[in-house]
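Reader: I have a structure open and have not looked at it before. Can you take me through some of it?

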Amino acid sequence: MEMKTLAQERSKAEFDVEAMKVVWAGGEASLRLNQRMAELVANDPEFQKDSRVMQTRSELLKDTFRKAAHAWELINKLHFTEEEARCLRKHIDQPSYADLHWGVFIPAIKGQATDAQQKKWLPLAYSQAIIGCYAQTELGHGSNVQRLETTATFEPSTDGFIVNTPTIAATKWWPGGLGKVSTHAIVHARLLTNGKDYGIHAFIVQIRSLEDHQPLPGITVADIGTKFGSRAYNSVDNGLLRFNNVHIPRENMLMRLATVTKEGKYVHSNVPTQLAYGAMVNVRKSIVMDASYSLARAVTIAVRYSAVRRQFGVQDGQPEMQSRLFPLLATAYAYRFLGQWMSSLYSDTMACFENNDFSTLPEVHACTAGLKSIATSTTADGIEECRKLCGGHGYLTSSGLPDLFAVYVPSCTYEGDNVILLLQVARYLMKTLKFLGSGKEPSGTAAYLSNVTELVSKNCEVAKESDWISPKTLRYAFEARSARLALKCATQIAAASTQDEGFSEASCELLGASRAHCELIIVTRFMGALEREIPGRGVKNQLQILCNIYALSLVTTRAGDFLMTGYLSPEQVELAKSQLRDLFKKVRHNAVSLVDAFDYTDFYLGSSLGRYDGNVYESLYNEALKDPTNASAVTEGYTEFIRPILKQQLGTSMSRL
């Protein structure tokens, strides 16, 4: 029955699924690369993952090390490019130290080291003659980088730095790959020379012997222990690190932006410090792209199971497709186009930086901070919503959803706490409004604020349901909401005794204004992606439906914002809800095919509920029987603890233990 159901759902598709796969992948070449790596991993017994849920933490780490070694062997044997290697690691679907080595350690050297330093360190890192991690966060200091306590004091007599951990709070804590694997770390520490503190700088510190892997003298390093989830990030050796007066050569300071001479003099280089922000934009772009992939994965599982499931309120045996899934499906597509736009933003930003044009930096910093915050929070909530929409079965590890949530949810904290990031957006918005009319006109994603006078005075003109699917109407509605919320905050802050006090008192409202600004960006970028030609039968039409669902789901869920600012009337909100219900009907028969377009293999999904063939219940049954507790019909502990209860002999039995 299940297999027939999904086949029937696919037969209703009103668009070319193969063409949509190309759109989602970002091009034909990217699609073929993903398919090739997915097939390679799924067919290699070294990468099987069926037994992961049954492994102890130590077994899981060893299994991860084995897979990383096998992947490295394949990368070298098959002469993979960096892009191919990155795609391979993604499809292995098991977080490891290699993710941090390639994704953070090497990019940090590229971004912060001089040409001479790169010539020394990059060949070692590329060949994995050394394995590195990124040691910034401390036990007592996470997002507040400027308060880090680890010190690197220059010592002229040895022409080097003495790295030290002065307090427990200064212990490096959380770096992935640090606990058991890394031989080197990029350590962020306070640079002290000639009695002066020059703030936080980066240093390459060797932490383990390249001969026997033992920690070097003065180094304390360990794994920080089991983390949230049964598997999830427990396959990564997040670590702690302490230094007891560890000497490193002066040249181990990453000196692209500043140097220290043999005499201990601190010298700024001629490289603009703003260039360091380029790496931040790139990281945040990758995080948003990952959000689209992870949400799409959860939605795939929930949509397929929803098409198979028969529980309540179904008629004539029809699938139980829940409309709560459709905004999540639309959001996954929205974030995919957002990630593609952020890739272009990164390229444009770096081109400006290379020409010493840093005028866009404040706006780019603010919008990428906010988009990281919104995308990760929404995705984490969306994965959990998908789990709940799968009923009790979604709570099983074999559904694939608990571990997906556990792997994803740290993204709400790393690379910037989401609330703090939204407050950074708020400061940018307040500053932008403050300088309106002074010649500093807002640009980029904040350009709409130059029209703030009209946006706060002109209300919505929607008179019927169909008015709501006009791109112009939707764009203006989101601009008006954002402008009005921001202006209200600016007025509240201006009335306070001090700006800082006003900012603190209005923090809740500022978060709302920042969220509105970011959601405006996402909506307009989705719309912008649809302005170009998109080949494939019905593909563009389906994407337009999804875009409208995304925008109107925000209008209805954030109705309080639109009503409170006076832009919408209650009647207009009801029209939006009615139009949204109509859009749900249009996407309903395409939902299974729309998740098929994500092109996730059964191996990658790792879900009994999300199987392509829909054979859900047999899969759940078979997975249950594989559990180690079912190795014998009579459970371990029966004789000692259960039989005495049944035989009313508990006291006698326990006395013998």
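Reader: Let's start with Asp93. Is that residue buried or exposed?

Author: Asp93 is buried, with a relative accessible area of 15%. Bear in mind that this is a predicted model. The cut-off for buried is under 20% relative accessible area, so Asp93 falls on the buried side.

Reader: Where is Asp93 found?

Author: In the loop between helix H5 (82–92) and helix H6 (97–112). Asp93 also has a positive phi of about 60 degrees, although it is not a glycine.

Reader: Which other residue has a positive value without being glycine?

Author: Trp174 does, with phi near 100 degrees. Trp174 sits in the loop between strand S4 (172–173) and strand S5 (184–193).

Reader: And how accessible is Trp174?

Author: Trp174 counts as partly exposed, at 44% relative accessibility. Asp93, by contrast, is buried.

Reader: Back to H5. What about Glu84 in that helix?

Author: Glu84 is found in helix H5 and is buried, at a relative accessible area of 15%.

Reader: What does the side chain of Glu84 reach?

Author: The backbone nitrogen of Thr81, at 2.8 Å. Leaving aside neighbours within four places in sequence, Glu84 is also in contact with Leu33, Arg36, Met37 and His79.

Reader: New topic: H16. How many residues does that helix have?

Author: Helix H16 has 23 residues, 507–529. From its first C-alpha to its last, H16 reaches 33 Å, close to the 33 Å expected at 1.5 Å a residue.

Reader: How many residues of H16 are buried?

Author: 17 of the 23, so H16 is largely enclosed by the rest of the structure. Phe526 lies in this helix and is buried, with a relative accessible area of 0%.

Reader: What does Phe526 touch?

Author: Not counting residues up to four places away in sequence, Phe526 touches Ala330, Tyr333, Ala334, Phe337, Leu543, Leu546, Cys547 and Tyr550.

Reader: How far is Phe526 from Thr220?

Author: The two are 49 Å apart in space, C-alpha to C-alpha, and 306 residues apart in sequence.

Reader: How do H12 and H16 pack?

Author: Helix H12 (residues 418–434) packs with H16 at an angle of about 85 degrees, and their axes are 8 Å apart. The two helices are therefore roughly perpendicular to each other.

Reader: Which residues of H12 and H16 meet?

Author: On the H12 side they include Val419, Leu422 and Leu429, and on the H16 side they include Ser507, Leu510, Arg515 and Cys518. The residues of this H12 and H16 contact divide into 11 nonpolar, three polar and one charged.

Reader: Last one. At what angle do H2 and H9 pack?

Author: Helix H2 (residues 17–25) and helix H9 (residues 325–354) pack at about 50 degrees, with their axes 9 Å apart. That makes H2 oblique to H9.

Reader: Which residues make that contact?

Author: Met20, Val23, Trp24 and Ala25 of H2, with Ala332, Tyr333, Arg336, Phe337 and Gln340 of H9. By class, the contact of H2 with H9 has seven nonpolar, one polar and one charged residues. Tyr333 and Phe337 are also among the residues that Phe526 touches.

How values were computed
Residues are numbered from 1 along each chain as its sequence is written. This is a predicted model: local features need pLDDT of at least 70, side-chain atom pairs count only at pLDDT 80 or more; totals for chains, interfaces and linings use all residues. Side-chain values use heavy atoms; hydrogens and water are left out. Helices (H or I, at least four residues) and strands (E, at least two) are DSSP runs, numbered from the N terminus. Buried means under 20% relative accessible area, exposed over 50%, partly exposed in between (1.4 Å probe, protein chains only). The expected span of a helix is 1.5 Å times one less than its number of residues. A polar contact is a pair of N or O atoms within 3.5 Å; within protein, one must be able to donate a hydrogen and the other to accept it, and residues adjacent in sequence count only if both atoms are side-chain atoms. Contact means heavy atoms within 4.5 Å. Axes are lines fitted to C-alpha atoms, for helices over the stretch in contact, and angles run from 0 to 180 degrees between N-to-C directions. Angles under 35 degrees count as roughly parallel, over 145 as roughly antiparallel, 65 to 115 as roughly perpendicular and the rest as oblique. Ala, Val, Leu, Ile, Met, Phe, Trp, Tyr, Cys and Pro count as nonpolar, Asp, Glu, Lys and Arg as charged, and the others, Gly among them, as polar.
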